[in-house]
Amino acid sequence: MILLAVSFFAGILVLYLQAVLPGIPTLALAVATLPGLSVRRWRPLAVFALGFLWATGHAYFLSAQGIPERLSGKTVLIEGTVAERPVARAERRSRFLLQARRLHNGSDWQPFDVRVRLDWYGEHPAVAAGEHWQLAVRLKQPAGYANAGGFDYELWLFQQRIRASGYVRTDNRNRRIDAGHVTPIAALRNRLASSIETQAGGLPSMALVQALTIGERARISSEQWQVLRATGTSHLMAISGLHISLVAGLVFWCMRSAWSASSALSLRVPAVRAAAVAALLAALLYALLSGFAIPAQRALVMVSVLMLAILSGRRVSFASVIGMAAVVTLLLDPASLLSAGWWLSFWAVSAIAWFTVGREGVAQGTRRWLFMPVVLAVCMAPMLLLFFQQVSLVAPLANIVAVPWVSFLVVPLALAGAMLHGLSEAAGLAVMQASAWLLDLLWYGLEWLAAARFSLLDWPQPAPWVLLAASIGVAVLCMPRGVPGRWTAALLLLPLLFSARPQPAYGEVWMTLLDVGQGLAAVVRTATHTLVYDAGPAFGEDFDTGRAVIAPYLRYLGVRRIDRLVISHGDNDHIGGARSLLRMFPVDGILTSVPAAFAGERTQQCTRGLRWSWDGVEFALLHPAGDDDYHGNNTSCVLRIVIPGGQSLLLPGDIEQSVERDLLRREGDDLASTVLVVPHHGSRTSSTAAFIEAVDPAIALLPAGYRNRYRFPHPEVVGRYTGHGSQLLATGQSGAVTVRLSPRSARPQVTRFRRSWPRLWRRPEPVATQFGY
């Protein structure tokens, strides 16, 4: 069973490593191997092909549901059903999923079976799950930031089967068609959420209770998430294997005890079978209450496989149960293989099984469960480094207390309150508030652990062979005493400690212009130093590209400190992520034209003439001069970087034509640069012909978001650069662009994220100079 499960898994994995969907010859070859299912010798290969074909069919189905390019950016009228309870994202803004059914093409309705993620801004009617709506919307194809190390939003949309996103337009055609059909469970979820949000807003921990009961985590603050990440307890806030298994286990134990007490019942149906049915129903109800999200579905499948094995009366090894559960989850949704949660869940369950079931001589009883958090922390480290480049060093200590506290006190009390809420809102809310107070007691300890300087370790993402060796190493490490060769675990884990990303050599400079949407953020590295130029935008209090893009990229590189943070000026699309960077990394110094925005920090005013040298690379500020009378965009810090041999980079921020003329007058031929970050995102207020001629860039990089509302870059600006002969690349099309300048190479080495790491769910890089809106 394990070999076949691994073969099926491998077939799906191979499909998702492809850049494009396979063609007919590849599919025909896969189909030709299927008769091998009847031959034991060839069965693993046939199952591999079956997994490949199954994932291919799923991917083709999702691709067919996408919206045509001609509809992107256009206002269209659609009808559909609200698929889940809307979430308030900010004041007068809500977000919800709509399962669209048809679209009006201007003259008639046509089928339009697409799952759409919508935002509705401003004053608007309340929207509830199950309702049918007609809405005027502006849609676009799935699009997200494309950077190494960061959250892959396009992948997440693919996993969630969301094939378009957009927003509701203000339009008199918007109307609720009917209330639709709302199931009793959905109605209970709506009442619980409304009650928690309106009557228990004073307790921040009620957001955690809401996550543990109905699976909605949108109200958990960024500060709470930071504490959970630092202490390795984020898994406690996801309704997945731990909580659903706990509920099923408690119901199984209670039902078996109660059933065994009656000899009449036991003679009719064995107690263990009655308990398995009750546990299965309890797990199903909890999964439904949580919204039946993908992690809950995965956990329900694992519990179902185990309980069905009990009902069948057959003895099944725990390894077979895990293998069957993995296959069933991939049959239901092959894209779940792309989720970090899928890997972490099965990895954790396998580690627990290996420690408690798959080996002899393990300490029994209390000692075993005291050791469990330590074992899990060691076993999960390779996977956490792979997906997040972070591992909590205090996780074993935190989880020794947090897991039983949440599992045996908080969750049962919260679920009891949720069930009681259906009978009495006041009584149910009181019980849930009691569970929140229990969380508050735990939270004091978690905050204390999270505040420790050593709580969270950042580490570069390990190479695949390092990850494989470390995975084998942790399995060997968990073997019982006396097993020969346990010392080899140290050798297998050793490469993990020394994994590192490539670094620039002395005299080289590597710059990555990150994809932060409509904004600017660049990471510049020399042999031993790191400079961040601008920090991208912020969108409200809960999201900014400093935390979501730049910090993950720095962790991916193994950077632990920022030697200099340059904030060119005070516009949100340049300064928005700076505060997050200052909280997450030690920063040796800040250079900015708006020092007042960083009160309490070590700042220095950007001033022309400031120079420094790192590792043989020269840095010079060209603007602003001390006597300038400029404001806004024109106060941008203009930074020029030169390596030995003369190749150079120019980062001008958002300067406009007047500053370009001043630079031409003051610097003249010294403006010439190999690589130019295009001023002001390609606006027609910048990039004069004279400026482009003086800079003479071989490569011009555009920090402009995909289909941005400003319609940057302007066609005239594009024409000037292409007419000059510059290679023009935009982050909105290419994703992050990395340029490496070396004295040993006459031309820069350029890497474009979307071209170098294409995936079938990822929007491909178009021809660079075709900026259609």
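A word on the source. This is a predicted model, where local features need pLDDT of at least 70 and side-chain atom pairs count only at pLDDT 80 or more, while totals for chains, interfaces and linings use all residues. Residues are numbered from 1 along each chain as its sequence is written, and side-chain values use heavy atoms, with hydrogens and water left out.

Back to Asp171. Its partner in a salt bridge is Arg173, with the closest N and O atoms 3.0 Å apart. A salt bridge needs a side-chain nitrogen of Lys or Arg within 4 Å of a carboxyl oxygen of Asp or Glu. Arg173 is partly exposed too, at 38%.

How many salt bridges are there by this rule? The count is 21. Take Arg762 and Asp152, at 2.7 Å, N to O. Arg762 sits in the segment after helix H26 and Asp152 in the loop between strand E5 and helix H4, so this pair ties together parts 610 residues apart in sequence. Helices (H or I, at least four residues) and strands (E, at least two) are DSSP runs, numbered from the N terminus. Both Arg762 and Asp152 are buried.

Next, Arg561 and Asp588. Their salt bridge has its closest N and O atoms 3.0 Å apart. It links distant parts of the chain, 27 residues apart. Arg561 is partly exposed at 40%, and Asp588 is partly exposed at 26%.

Now the inside. A nonpolar core is a set of buried Ala, Val, Leu, Ile, Met, Phe, Trp, Tyr and Cys residues joined through side-chain atoms within 4.5 Å. The largest has 55 residues. Which members touch the most others? Met206, Met237, Ile244, Val406 and Leu439. Several helices give two or more residues, including H5, H8 and H15. H16 gives the most, with 10 residues.

Look at Leu439. Beyond its neighbours within four places in sequence, Leu439 is in contact (heavy atoms within 4.5 Å) with residues including Leu208, Trp405 and Val410. A second, separate core has 31 residues, among them Phe8 and Ala325.

Last, Ser339. This residue lies in the loop between helix H12 and helix H13. Ser339 counts as buried, at 16%. A polar atom of its side chain lies 3.0 Å from the backbone nitrogen of Gly341.

Definitions and conventions. Buried means under 20% relative accessible area, exposed over 50%, partly exposed in between (1.4 Å probe, protein chains only). A polar contact is a pair of N or O atoms within 3.5 Å; within protein, one must be able to donate a hydrogen and the other to accept it, and residues adjacent in sequence count only if both atoms are side-chain atoms.
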